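Me: Can you walk me through some local geometry in this model? I would like to start with the ring contacts.

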Amino acid sequence: MISEKIKAICRFLKKSQYGYKKPEIFINLTYNCPLRCKYCYVNYSKSRDFDIENLYYLFEEGILKTKYIKLITFFGGEPLLKIDLIEKILEKYYDELCNKGIHIAVITSMSVNYNKHIELIKKYPLYETVISFDNYSEERVLINNKPFKVLEHINLEELSNYRKNICFHTVIASEKSLDDLLLLQNIYKNYGFIYSWCWNKTPTNNFSFKEKYKQVINNILDENNKYYPSAFIKELNNYFFRENAGCGIGSELFLTIDGDISPCSISHHNNEFLLMKNGVLQEGVSENIQDIENNVFNNNDCKHCDLKGFCNGGCLFERKKNRNDYNSVNYVLCNQMKELKATYDEIFNNISEEYKSQLLNRIINNIIGNIDYCYNTHINIDMYDYFNLGEN
């Protein structure tokens, strides 16, 4: 039986196609997970999973009838626990989604259903896999509290046959995260897997990272390296142009079987940020989120800071949750951004103006490529084209 809440989500998607954002859609297939990472924000008490009947309806009456969608990502919990649902969706809608220029992806720890997932990667070349990579983290544990290391659960040699549609991703939250990032650079060198990273938007502890991060950047700038990760391009863009205007909340929509829609992964357990709750639109939330993001730097701390634009202002949800004030800032993040800026200063004070110009051209080329990538699925037959790698 089709849920009235899913019908409400479909109406929202079709009605909101001319809203202020053109978001990517994340489908929370389940909140269950074989991991219990100590930093995770998922509410495991939410036990309701998507069923195939409602998932079919969501695609038929929502996603495929909404013009602006550019990406569908299966999310969780651990979405590969529901790999049978993913397989059925790919069987039924893969060709139509590709023809409409809609990307299909999954974000996974690769902790379950490894072999079945490999079969889907083989069969559907435009089905992308983002592997969450926190290999050195002591806080990443299984439900029995034993450490989980993704490299112990996957075969890099086997996966490298499908590397064009696989990306590793890590969140920089400690010095050990930098070890992860350096390891990912070696994995790229040895196996060809692309990688990316982001900084923790809600840090609680300062840590020193300049020397290791300089090594990360110098590895990218090495004349023998052909791959400039998108995270690095974004940081270069912010460093040179100071165009960052906030965390990007609202550029993603997270959907649940319970009829909830949230504007980011961190806030989807918080009622105040829900665009829709239990299938009911929350009055004024969309406008409030837009207004808050537009004013992310409009406070006494950020207004006169010379990092404005280089720093993204941090997490709006974290400001509200921990400080009960959207205008309050996270000083731990401030300190990290100062060290990050100083790291780039030290590197770029020692390179020529000619090389800086080459980097600026690289930024422009990657931004143009990113626009194409977002709106033309067929470019993604070879993900390396997007990252200016190319292959024979």
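Reply: Two notes on the source. This is a predicted model, in which local features need pLDDT of at least 70 and side-chain atom pairs count only at pLDDT 80 or more, while totals for chains, interfaces and linings use all residues. Residues are numbered from 1 along each chain as its sequence is written, and side-chain values use heavy atoms, with hydrogens and water left out.

Me: How many aromatic pairs does the structure hold?

Reply: The count is 28. Rings of Phe, Tyr and Trp (its six-membered ring) pair if their centres lie within 6.5 Å; planes under 30 degrees apart are stacked, over 60 edge-to-face, and the rest tilted.

Me: What kind of pair do Phe 59 and Tyr 93 form?

Reply: A stacked one, 5.4 Å centre to centre with 10° between the planes. Phe 59 belongs to helix H2 (residues 52-62) and Tyr 93 to helix H3 (residues 83-99), so the pair links parts of the chain 34 residues apart. Helices are DSSP runs of H or I, at least four residues, and strands are runs of E, at least two, numbered from the N terminus.

Me: Are those two buried or exposed?

Reply: Phe 59 is buried at 0% relative accessibility, and Tyr 93 is buried at 1%. Buried means under 20% relative accessible area, exposed over 50%, and partly exposed in between (1.4 Å probe, protein chains only).

Me: And which way are Tyr 239 and Phe 240 arranged?

Reply: Edge-to-face, because their planes are at 75°, with the ring centres 5.4 Å apart. Tyr 239 is buried at 13%, whereas Phe 240 is partly exposed at 25%.

Me: Back to H2. Which residues are buried there?

Reply: Asn 54, Leu 55, Leu 58, Phe 59 and Gly 62. They fall within an arc of 140° seen down the axis of H2, so they line one face of the helix. The arc is taken from the directions from the helix axis to the C-beta atoms.

Me: What do they pack against?

Reply: Helix H1 (4-15), strand E1 (24-28), strand E2 (71-75), H3 and strand E7 (252-255), where contact means heavy atoms within 4.5 Å.

Me: New topic. Where is Glu 211?

Reply: Glu 211 is in helix H7 (residues 210-221). With 55% relative accessibility, Glu 211 counts as exposed. Its C-alpha atom is 8.0 Å from that of Thr 343, which is 132 residues away along the chain.
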